[in-house]
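I open my notebook and go through this structure one topic at a time. Each entry says what I looked up and what I found.

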Amino acid sequence: MASDFKPTKSTKLRLSLLLIFSVLFSISCTQNIAEIKTATPTIIFDYYSTDSTPVSRLSIFVESTSEVKRSELIRLQCKSTGYTWDINDLIRFKFAEKMYAGSNNLILPEGERVPDGEYTLLYQNADLEKAETVVKLEYDPVFYETTAAELPALMRQKFGKKYIAIYDKNDQMIFYGERTEQLGDTRKIWNKYRNASYFNEVWTLANNSVMCILPVEYVLPSQE
């Protein structure tokens, strides 16, 4: 039986990171359902200091073959725990001619970890038409014990990729992409993006099951 639990606690969201999700969705569901083209679960680890371990949240986005403006509900249920999220306040957007709906802020009771394994996903539109599929989340729980300072070494072992998200003073993302040598320190970032205010380094695994967002760093050009 599904749990009546509906997460109510919130974490600090960075909605401009939608761009990250939109370019990472590449895992197809195994079932051929008309309204669901892909569905991607991702565990997000947020770091708030270099010496602390992260807090976690779950993200789920559906790429639909129908108009997502008419999407009304996504219900995600964990098979192992019965926890159920009814997502009514969907984030909807279109990117590269693809349409997505979902949420990047599904949380659990304090102290509990995001369960891995299978989740049942139900997608419903405004006409009450429904489609259902099963998605699977697999990740290494070692991330819960890894500090921000330790994360780069762990991600390199797991062949993760390093990105950077740069924001202006109005919290608008002005760049997201791989963190190359040209963006290797704050001075180089400022030289390229004079309106940059702060940034997050972001690590992801190749299968998109894990995303780690490191603490905010401010762009302060050195005084000469």
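**Entry 1: a strand residue.** I start with a term: a strand is a DSSP run of E of at least two residues, numbered from the N terminus. With that in hand, I looked up Met99, which lies in strand β6, residues 98–106. I note that the model is a predicted one.

Is Met99 buried or exposed? Buried means under 20% relative accessible area. Met99 has 15% relative accessibility, so this residue counts as buried.

Next I asked which residues Met99 touches, leaving aside those up to four places away in sequence. I found Val62, Glu63, Ser64, Thr65, Ser66, Glu67, Val68, Phe93 and Lys94. I then checked Glu67 by its C-alpha atom, which is 7.1 Å from that of Met99. Along the chain, the two residues are 32 apart.

**Entry 2: confidence.** I looked up pLDDT next. The protein averages 83, and 83% of the residues score at least 70. Which elements have the lowest and the highest mean pLDDT? Helix α1, residues 18–24, has the lowest, at 45. Helix α2, residues 151–157, has the highest, at 97.

**Entry 3: salt bridges.** How many salt bridges are there? I get ten.

One of them joins the side chains of Lys79 and Glu118, at 3.1 Å from N to O. Lys79 is in the loop between β3 (71–78) and β4 (84–87), while Glu118 is in strand β7 (residues 117–125), so the pair ties together parts 39 residues apart in sequence. I checked accessibility for both. Lys79 counts as partly exposed at 48%, and Glu118 counts as partly exposed at 35%.

I noted two further pairs. Glu181 and Lys188 meet in a salt bridge at 2.4 Å, N to O. Glu181 is exposed at 53% relative accessibility, whereas Lys188 is partly exposed at 29%. Glu138 and Lys136 also meet through their side chains, at 3.5 Å, N to O. Lys136 is exposed, with a relative accessible area of 52%.

**Entry 4: aromatic rings.** I searched the whole structure and found ten aromatic pairs. I took Phe45 and Tyr139 from the list. Their ring centres are 6.3 Å apart and their planes are at 65°, so this pair is edge-to-face. Phe45 lies in strand β1 (residues 36–46) and Tyr139 in the loop between β8 (130–137) and α2, so the pair ties together parts 94 residues apart in sequence. Phe45 counts as buried at 0% relative accessibility. Tyr139 counts as buried at 13%.

Then I turned to Tyr163 and Tyr176. Their ring centres are 5.3 Å apart with planes at 15°, so the pair is stacked. Tyr163 belongs to strand β9 (residues 161–167) and Tyr176 to strand β10 (residues 173–178), so here the linked parts are 13 residues apart in sequence. Tyr163 and Tyr176 are both buried.

Which residues do ring pairs link into a cluster? I wrote down Phe45, Tyr139, Phe143 and Tyr144.

**Entry 5: a charge over a ring.** Last, I looked up Arg194. Its charged end sits over the ring of Trp190, 3.9 Å from the ring centre.

How values were computed: Residues are numbered from 1 along each chain as its sequence is written. This is a predicted model: local features need pLDDT of at least 70, side-chain atom pairs count only at pLDDT 80 or more; totals for chains, interfaces and linings use all residues. Side-chain values use heavy atoms; hydrogens and water are left out. Helices (H or I, at least four residues) and strands (E, at least two) are DSSP runs, numbered from the N terminus. Buried means under 20% relative accessible area, exposed over 50%, partly exposed in between (1.4 Å probe, protein chains only). Contact means heavy atoms within 4.5 Å. A salt bridge is a side-chain nitrogen of Lys or Arg within 4 Å of a carboxyl oxygen of Asp or Glu. pLDDT is the predictor's confidence in each residue, from 0 to 100. Rings of Phe, Tyr and Trp (its six-membered ring) pair if their centres lie within 6.5 Å; planes under 30 degrees apart count as stacked, over 60 as edge-to-face and the rest as tilted. A charge sits over a ring if NZ of Lys or CZ of Arg is within 6 Å of the ring centre and within 35 degrees of the ring normal.
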